Amino acid sequence: MSAPELVTVTIDERSVQVPKGTGIVETAAAAGIEIPVFCYEPRLGAAVGACRMCLVEVEGMPPKPQAGCTLFAQDGMVVKTARTSEMARVAQNATLEFILVNHPLDCPVCDKGGECPLQDLTFRYGPGNTRMTFDKRTFEKPIPISPAISIDRERCILCYRCTRFSESVSEDNQLVAVNRGAQTMIATFEDEPYTGAFTGNVTELCPVGALLPTQPRFEIRPWEFQAVPSVCGLCPVGCNIDVDQREGKIKRILSRNHPEVDEGWLCDKGRFGFSHLYAEDRITDPLRRVRSRGLEEISWEDALDDAERLLREANGRIAVALSGSETTEDAYALAKLVRKGLGAHTAMLPEEIGGGLDAFRAPLSAIRDAELIVVLGEDPVVERAPIVDLWLRKARRAGAEIVEIGPAGDVQIAPGTTARACRKLKSGELGDRLRASERAILIWSGGGAGGGSHLAALATDLGFADKPGCGAFFLPETANGRGVAEAWAAASDDEGPEPEPLGLLIVSGDEAAANPNVRALAEQAERVLAITMFHSLAVGWADLVLPGTSYLEREGTYVNVEGRIQRLRRTAIPPAPDELAWIAQLASRFEVELSPSPSLVFAELSERVFGGVTYEDLGEEARLPDRVPLEAAPAESADEPVPAKAPGGTLQLLRYRPLFSGAAVERVPELQFQRPAPEIELSVKDAKRLGVRRGEPVSVRSNGTSVQLRAAINKRLKAGVARIADDHARDLHPTVEVSK
């Protein structure tokens, strides 16, 4: 790729060289000069020049102020800002005066006060007093546009950042500007609640206090916060975040722009989900089962004594069920204790990811620059890795061709056949186009075990290893599934037989505790030790319960969907010791050397798995490791058996795990409206055959169980398939009968 053409621009008598076509706002910043803005935000697409705050004077153009955000650098251009141009100064002063005509002077009670761009720019560029003597306009306030967001229309300055995000980034088109002229207001379409995976971003985009989150309302004073840079641990993307806490308690979460990972966006689960830390059924002390009285609280010393006794009595007949939400260090510590100290090697990992993808490693931002993208799998990308869905939308807007292969894709396949479709892709016309492309991306989003291996084999066949612009991404179901699997494998090279009978099952984390397969295994175990945050997940079947912690309460690392190792930092004080601390104490009783320090455990693990990288190397914005040279074709997993075709009159059940589900979401009141509706998705053909219309109640029967759901018609869904969220399909399997 040739180097960009550089041009010389003079701004306020300072000359600067920038690539031709660079925006004047960025050009001024390169020269160390600020051009103030309200509506301008490069991530929202082309500038609209709505607020007029960026007015400048440009030599050679008509003698009137020009909107700087709509101008681009040209060679020899001479620009004057308010610092050197009286015309620009007067224009900016007048712009702020007009913005403040009806803006309420309620900074002392506004949650935006102290970090408000309007407040800051008024002090620096605005008039010192007002000439307006009439009453300001007032509106009903605040209006909840969703349980998570409220709007105060008196404060709105009509910068249109929110509506542009809704239209051009999330593409939900739910936020609109209604009325005209001075009566223009921001509203939701048809006054419906603002729903979607990314609604909270508008509260961060808003340059005033018009759109605010309802969670910390009237509790925010920015100068009282301590901002801790960390990483979201609720999905495999690992979005970079700033966690604002006061007196050890989290008050809000903001995005922290990592341009290769998240581009500064954050899904609502990551933004609002932190309040699960303060759930009423949070476990803060160890619990021991007493046969006549159920679970009772015990001291930590007694709990470690009980844990030691359970481990010794099991005599190596131990299995561990992992969640994929553990830090890499916690998983390694638990594996080292169990595998080296007790000789037990059986684990139920959260999922089989497969190997070989490091040869095709690329940043998520490569999706934006791709020309051809193939998405394989049964789960919508937004449900597994929501920010990846935003990258796909941005790629489509840039002209990329996106082909989805799945039960509800452009190419429809039956559930359970994604691996076969992956293999078939190698010899088809689409495969030839992928081989010819220098900027192609493969994404696997569910569809059976060993997806990573199948994807790596396909990428190898397509020659992606030799193309820097090509990449392959496997989207795990869990936030740190890959890191947990690598940590477990690194703890020991030995492998042992399956424990029969199972003496002790160790359940690590809330996701494992809520997993029906883990519950079934617990029924076979003689004893169960559960590590979980919430009472309802352990009552009735665990013999010893140790309090778990959230990703927001831990120090450690997660490995994201790219293979990027990112640091978690403790952002809240946990109500109990973190897992690594008590695992290290327990390990010492079995003469296993294990440090309670996450950095030292990571150093030991890194020497074995991550090439010796240190915490200091990771920093606040972790870099993507280099690709691993492809020495041999990856071993491809065996295909899973093709599910039997549903008998006549029945439908094949396609289950999926919604983004807004799980123990954390269930305990966040503001996210309850985002949880999946009790509905069954049907194809147009099946709905017509059954005589079912959209929204009608239907009876869904399977295995002697019947549930009542509403019908939803999915025009893209393959005939013969019914799609239901896990929340409403717990007892349904694998085919269902549907009737009105």
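This report describes the packing, the backbone and the aromatic rings of a predicted model.

## Basis of the model

Residues are numbered from 1 along each chain as its sequence is written, and side-chain values use heavy atoms, with hydrogens and water left out. Because the model is predicted, local features need pLDDT of at least 70 and side-chain atom pairs count only at pLDDT 80 or more, while totals for chains, interfaces and linings use all residues.

## Nonpolar cores

A nonpolar core is a set of buried Ala, Val, Leu, Ile, Met, Phe, Trp, Tyr and Cys residues joined through side-chain atoms within 4.5 Å, where buried means under 20% relative accessible area, exposed means over 50%, and partly exposed lies in between (1.4 Å probe, protein chains only). The largest such core has 82 residues, and those with the most contacts inside it are I367, I373 and I443. Helix α10 (residues 386–397) gives the largest share of this core, six residues; helices (H or I, at least four residues) and strands (E, at least two) are DSSP runs, numbered from the N terminus. Apart from this core lies another, of 50 residues, with I298, L334, V338 and V592 among them.

Contact means heavy atoms within 4.5 Å, and, leaving aside its neighbours within four places in sequence, I443 is in contact with residues including I367, I373, V388, L392 and F473.

## A covered helix and a buried asparagine

Helix α13 (residues 451–461) is mostly covered, since nine of its 11 residues are buried, among them H454, L455 and L458. What covers these buried residues includes β18 (372–376), α11 (418–425), β21 (440–444) and β22 (471–474). Just after α13, G463 takes a positive phi of about 75°.

N201 lies in helix α5 (residues 201–205) and is buried, with a relative accessible area of 2%. Leaving aside its neighbours within four places in sequence, N201 is in contact with F165, G264, W265, L266 and R271.

Most residues other than glycine have a negative phi, and most peptide bonds are trans. The peptide bond from K141 to P142 is cis, with omega near -20°, and P142 has its place in the loop between α3 (117–125) and β6 (143–146). Another cis peptide bond joins E500 and P501, with omega about -10°, and P501 is in the loop between α14 (481–490) and β23 (504–508).

E13, in the loop between β1 (6–11) and β2 (14–19), has a positive phi near 70° and counts as exposed at 76% relative accessibility. N703, in the loop between β30 (697–702) and β31 (705–713), has a positive phi near 55° and is exposed, with a relative accessible area of 60%.

## Aromatic rings

Rings of Phe, Tyr and Trp (its six-membered ring) pair if their centres lie within 6.5 Å, and planes under 30 degrees apart count as stacked, over 60 as edge-to-face and the rest as tilted. By this rule the count comes to four aromatic pairs. W300 and W582 form a tilted pair, 6.4 Å centre to centre with 35° between the planes; this pair links helix α7 (residues 300–314) to helix α17 (residues 579–588), with W300 and W582 282 residues apart, and both W300 and W582 are buried. F602 and Y615 form a tilted pair, 5.3 Å centre to centre with 35° between the planes, and F602, F610 and Y615 form one aromatic cluster.
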